[in-house]
Structures are given as structure tokens and as C-alpha cells.
Amino acid sequence: MRTVPGRTDHVVVVGAGLAGLSAALRLAGAGRRVTVLERETTPGGRAGRVSQGGYEFDTGPTVLTMPDLIEDALDCVGERLADWLDLRPVSPAYRGFFADGSQIDVHTDIDAMSAEVERVSGPDEAAGYRRFVAFVSALYRLEMRGIIDRNLDSSFDLPLAALARIAALGGTRRLAPKVAQYFRDPRLQRLFSFQAMYAGLSPYDALALYAVIAYMDSVAGVVVPVGGMHAVPTALAGAAIKHGVEVHYGRTVERVAVSGGRATGVLTADGELIAADAVVLTVDLPLAWGLVDQQPRRLRRLRYSPSCVLIQVGSRATYPHVAHHNIHFGHAWRGVFDDIVTRGRLMADPSLLVTNATHSDPALAPPGRETYYVLAPAPHTGWDLDWAAIGPRYRDELVHTVEQRGYAGFEAAIEVERMVTPADWQASGLAAGAPFSLAHTFGQSGPFRPRNLASGLDNVVFAGSGTHPGVGVPMVLISGRLAAERITGPDLGYRSRAWR
């Protein structure tokens, strides 16, 4: 594994999102002086917070899995997770609603989920579920050890034995037919393959490798932080500051200063040059390349994940039939992905995620009120859609769809509302308006994903969803640790604990 040569006493981390804070904690624990520069006034990056009319809204991810990765980041400076965060299990992890009026709860307890599958689909499907759990559990262990949780300089760094076992399990097949090997019920096929959207692909195109995402939330479990998702970066930043990391908010970095093939510091928008022995850039990858004045040839060939339209409301309405996370499937399935991925158009028959955060944490709204987070996958801004023109109309269509899916009187009960379109994501600094970053195609995964080392610069390292290992809260936390290990060297002690 390549590491940064020369002095690395002072490291500047650009961005106080999950990747940047994960890197900062590990670097501080390894004895480095660390300065974090964040353009916003609070930590979090995409996991930000908006307060509106007494309601608290998370601006980014709402699903939290693999809390041991947060625990690891805190442990780097000798802190305990329980002292910084109150994490509570979400049960059910998801509630699936289907066009035929049926619903299925996804439980992370294997016996409970097996009973649920048998209730809705019979004993043969329940047996298939148990085989599916065995498959994704084995796949997860192999991928984490061999691919995800390590720095990769080239494809030659991949362990052949692990790759052979992954192939033998069926990990190199397409996801949808692989899931269908365990479930005949199309509802269950959807529940255990929709996660491919997080990787930016249709389950009919994604490799079965990405069934590990289903493992993370459907088997390993979903938790919710008291105070919302923004409580996670707030805790990480607090622990970092306690242990000597200098975190400066409201500081925008305009470029990395370079001399003799090394970064010498970063130049801020207010004209200050902050010297550094090494730099970790966690902003969206195309922007990071711009900060080091690089325009890689592959920049023009990158394939982005679909975007999404997000509607968040503070509401007077309570819906007793919903859970914390709710997935509402339309009649269409394959056509949903054809619409947004292949044709670049809005879903004709939407499938939606509705998160009711106050279901678990009523303090996020005024007394007797609720928050609802409606996420609709949508084409990224590489397609010719005028969001300024279609955004208000599409908002009305989505609200109408939500009402049809069981939320009677949804619009009339709205007290506050905010809407985010792909154009808004792009304006915030996300290439192609894609909050899920680069799609996990074969050519953009593992050793083929853009590397976390800047070409031609000895001491600039990237972290975040655009580089290895990829998209999602767990992957971004890992990316921060891998970036730090490019500077400190691999933490063999961590790996012996994590994979024993």
C-alpha cells in the first residue's frame, strides 16, 4: 500500500462531513496535528441540519447502519460511543407497502423476519429467506476483508482467494436474478434488491456484490440517533475538538498550494494560506480535483448515480400505520429504473421512501407535530430537465401520490415545507446533482473507482463517496479511515479486532 512520504506532522482536512471527521479522529489518535476547514457553520456536510418553524430536518441520509464504524472513529481518541451518542434500534427496519394493498415489515432478527416472510408468502419463501441471509452474510465478510476495508493501489491488490469465493457464491452475477434465486414472491425480491439504487444502478444491472447493502440494513440492523442523523457529525466533531483537532467553520478552501510535487498548504477564500505537511480533501471528487488543478481524462467518462427529489414537511398529521422508514412501491418496478437511469425522465409510477423521524424522536418537532421526509429517485442533471420549470409541478404530483399511498390529508396538514431538486444538489457542489455520487458500475468499483491519492502529488489524499470504497454512510466513514491510513500507515490492530 502506498503511503504519503516525508513529514506528515500537520494535516489539513478540507470538509467536516463524516469522511473528514472520521479521518481527523484517526489522524489525531495517531499523534498528528490536525486542522479541519469547513465552509458551512456546522459540521456534517451532506448530513446537515435545517431548523424551520420549530421543526428539525436532516438534510441528507436518514438510514444509519453499522454503528461500529462510528465507535471505531471515537475509539481512535479513547472515547466511548455511549458517551457521545444515544443510538436506538429501529424496528421494523423498514415497512414495505405494495400496490396490491399488502405490507411487509423488514425485521433484522432472523427468526422474526422468517416468521414475517412465512406469514405473507409461506414456508418455502421463509426457507429461502434463511438461505439469503447465509448468502449475504458470507458475501459481506468476504467483501469487507478483501475489497471494501482496505486501500487498493491496483487490481493486483485484490486477494485472489477471496475473489474466487465471492464468484463461487454468485457475487459476480446480476443482483435481481440472484435475489430471485431465493425468493419467488416479487414483493420480497423488491425488498431485498431496491438497495441497488443506493449504488446508483438498477438491480437488473448491478452485480450481486451489492447485496451487501441489503445485509447492512436488513440483517445487521438499522439504528437511529437521538437528535437525528446530524447528531452523528456533531458527536464526531465534539470528540475531535476535545482531543486537540482545530475545527474552523465558515472557511472555504479555494485551492491547494503546490510546490515541487507536494502540497504545501491550502488557500482560503479570505486569502489566508494555511501551511500543511499533508492534505485530505473530502469535497465532492470533481471539485477536489479542481482544488489541485487536475482534470483527469476519466472525468469526462464518469457515470453518476441517479439523483432524487426531496420533500420535507412539518405536519399536524399523524399516521399510525406507518413506521420510521417506509418504502412505498408502485405497480412498476423495472420500469422505474428504465425511467430514471436509462431514459432520464421522471418516474411514471413512483416508488418512494417516506421517513417519519418523529416516530422515534418526537423532540424533532413541536409537541403533537410530525416530520416527513419524502424521497423520490430522479434523473441527475446530465439529462435535459428544466427543474426550475418542472420542480413545482412535480412537487404537486408527489404530494398527490403520497396521499394516494395512505397519507390522507397530507397537503392540508403541512405547516412548514422545504424541497430539494437535482438542480439544488448541483448548486450545493455535488457533480451532476447526484447526492449518491458515482454509480457503482464495474469500472467504478473497488480498484477501478477513482483512487484516493492525487495523481502527481505525494501528499494529497481524497476521501468521501466519490472514491474508494464508495457511497453510503458506512462507506464514507471507512473512506475517512482509509485516507488517514495513507498518511499513518495501516492500523493492523484495528483489523485484528474488526475481523477476528
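This is a predicted model: local features need pLDDT of at least 70, side-chain atom pairs count only at pLDDT 80 or more; totals for chains, interfaces and linings use all residues.

Two strands are said to pair if DSSP finds at least two bridges between them. One of the residues involved is Val14, whose bridge partner in strand 14 is Leu281.

These two strands belong to an open sheet of five strands, which follow one another in the order 10-2-1-14-20 with parallel pairing. At its edges are strand 10, residues 246–249, and strand 20, residues 460–462, each of which pairs on one side only, while from one strand to the next the twist averages 20°.

Helix 1, formed by residues 18–29, lies across strand 1, strand 2 (33–38) and strand 14, and runs at about 165° to strand 2. Helix 14, formed by residues 473–488, lies across strand 1, strand 14 and strand 20, and its direction is at about 160° to strand 20.

The model also has an open sheet of seven strands, arranged in the order 8-7-16-17-18-15-19, in which the pairing is mixed. Strand 8 (103–106) and strand 19 (414–420) stand at the edges of this sheet, and because each has a single partner strand, one side of each is left without a neighbour in the sheet. Neighbouring strands here are turned against each other by 20° on average, direction ignored. Within the sheet, strand 17, residues 352–355, and strand 18, residues 370–378, run antiparallel and are joined by three bridges; Leu353 has Leu375 as its bridge partner in strand 18.

Key:
Residues are numbered from 1 along each chain as its sequence is written. Side-chain values use heavy atoms; hydrogens and water are left out. Helices (H or I, at least four residues) and strands (E, at least two) are DSSP runs, numbered from the N terminus. Axes are lines fitted to C-alpha atoms, for helices over the stretch in contact, and angles run from 0 to 180 degrees between N-to-C directions. Contact means heavy atoms within 4.5 Å.
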